[in-house]
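Student: Hi, could we go through this one together? I'd like to talk about charged side chains and pockets.
Tutor: Happy to, let's have a look.

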Amino acid sequence: PGTGLIEPVRLVVTDLLRHPGQRATVRRTIEIDPARAPVAGAESAGPVMLDVVLESRTTGVDVAGRLEVPWRAECRRCLEPVEGLTGIDVEEHFDHHPPSDEIGPIADDGTIDLGPLIQDEARCALPLTVLCSDDCRGPVPDAFVGPDDPEVLEEERRDDRWAALDQLSFDD
């Protein structure tokens, strides 16, 4: 599907539309395709928890509530894996004849599709940069042996043309 959701999130609102002011609570766990929800810093790490209230209005249906988005990433300093859960408040209005792209449409069969709302908000909830802790100092130098190791660097920097200087002594 084009939304990146593994399962559709279409809700029937026909009965709500017949009774302005009526409310309905929707709580669902929605699987998001992790390959379709990456952002520069983190990726979706599991199902999104949707907890919203639908409220009928004379002009359509209001949807308001919260999304809980689990994520995983690498710490930007030490590259250790980090996981978290971000909550984001959502609010959307659906109408039969939306005057703009900012308002979701109510389909002719009396359903609303929360998929685009969930996908967009889930992406916005993912952190762009992640730290495993506020005091993370980065990688431990002893854990990475290679060209950055001080002993290796000293040997590589040594130029035989300067070896005679090692024989100099400035002691009297």
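Student: Is Arg-23 buried or exposed?
Tutor: Arg-23 is exposed, because its relative accessible area is 55% and the cut-off for exposed is over 50%. Keep in mind that this is a predicted model.

Student: Which residue does Arg-23 form a salt bridge with?
Tutor: Its partner is Glu-55, and the closest N and O atoms are 3.2 Å apart. The two sit in distant parts of the chain, with Arg-23 in strand 2 (residues 23-30) and Glu-55 in strand 4 (residues 48-57), 32 residues apart.

Student: And why does Glu-55 count as buried?
Tutor: Glu-55 has 15% relative accessibility, so it counts as buried, the limit being under 20%.

Student: What network of salt bridges is Arg-23 linked in?
Tutor: The network links Arg-23, Glu-55, Arg-57 and Asp-62.

Student: How many salt bridges does the count come to?
Tutor: The count comes to 7. One of them joins Arg-27 and Asp-51, with 3.2 Å between the closest N and O atoms. That pair also links distant parts of the chain: Arg-27 is in strand 2 and Asp-51 in strand 4, 24 residues apart. Arg-27 is exposed at 62% relative accessible area, while Asp-51 is partly exposed at 35%.

Student: What about Arg-66, which residue does it form a salt bridge with?
Tutor: Asp-89, with the closest N and O atoms 2.8 Å apart. Arg-66 lies in strand 5 (residues 60-74) and Asp-89 in strand 6, so the pair ties together parts 23 residues apart in sequence. Arg-66 is partly exposed at 33% relative accessibility, and Asp-89 is exposed at 58%.

Student: How much space lies in the largest pocket?
Tutor: About 190 Å³. It is lined by 16 residues, and those closest to its centre are Glu-92, Phe-94, Gly-104, Asp-113 and Pro-116.

Student: Which element gives the most to that lining?
Tutor: Helix 2, with 4 residues. The lining of the largest pocket divides into 8 nonpolar, 2 polar and 6 charged residues.

Methods
Residues numbered from 1 in each chain as written. Predicted model: local features only at pLDDT ≥ 70, side-chain atom pairs only at ≥ 80, totals over all residues. Heavy atoms only, no water. 1 Å grid on protein atoms, 1.4 Å probe; cavity = no way out; pocket = protein on both sides within 12 Å on 5 of 7 lines; lining within 4 Å. Points joined across faces, edges and corners; volume = space filled by probe spheres on them. Nonpolar A, V, L, I, M, F, W, Y, C, P; charged D, E, K, R; others polar. Salt bridge = Lys/Arg side-chain N within 4 Å of Asp/Glu carboxyl O. Buried < 20%, exposed > 50% of the residue type's maximum accessible area, 1.4 Å probe, protein only.
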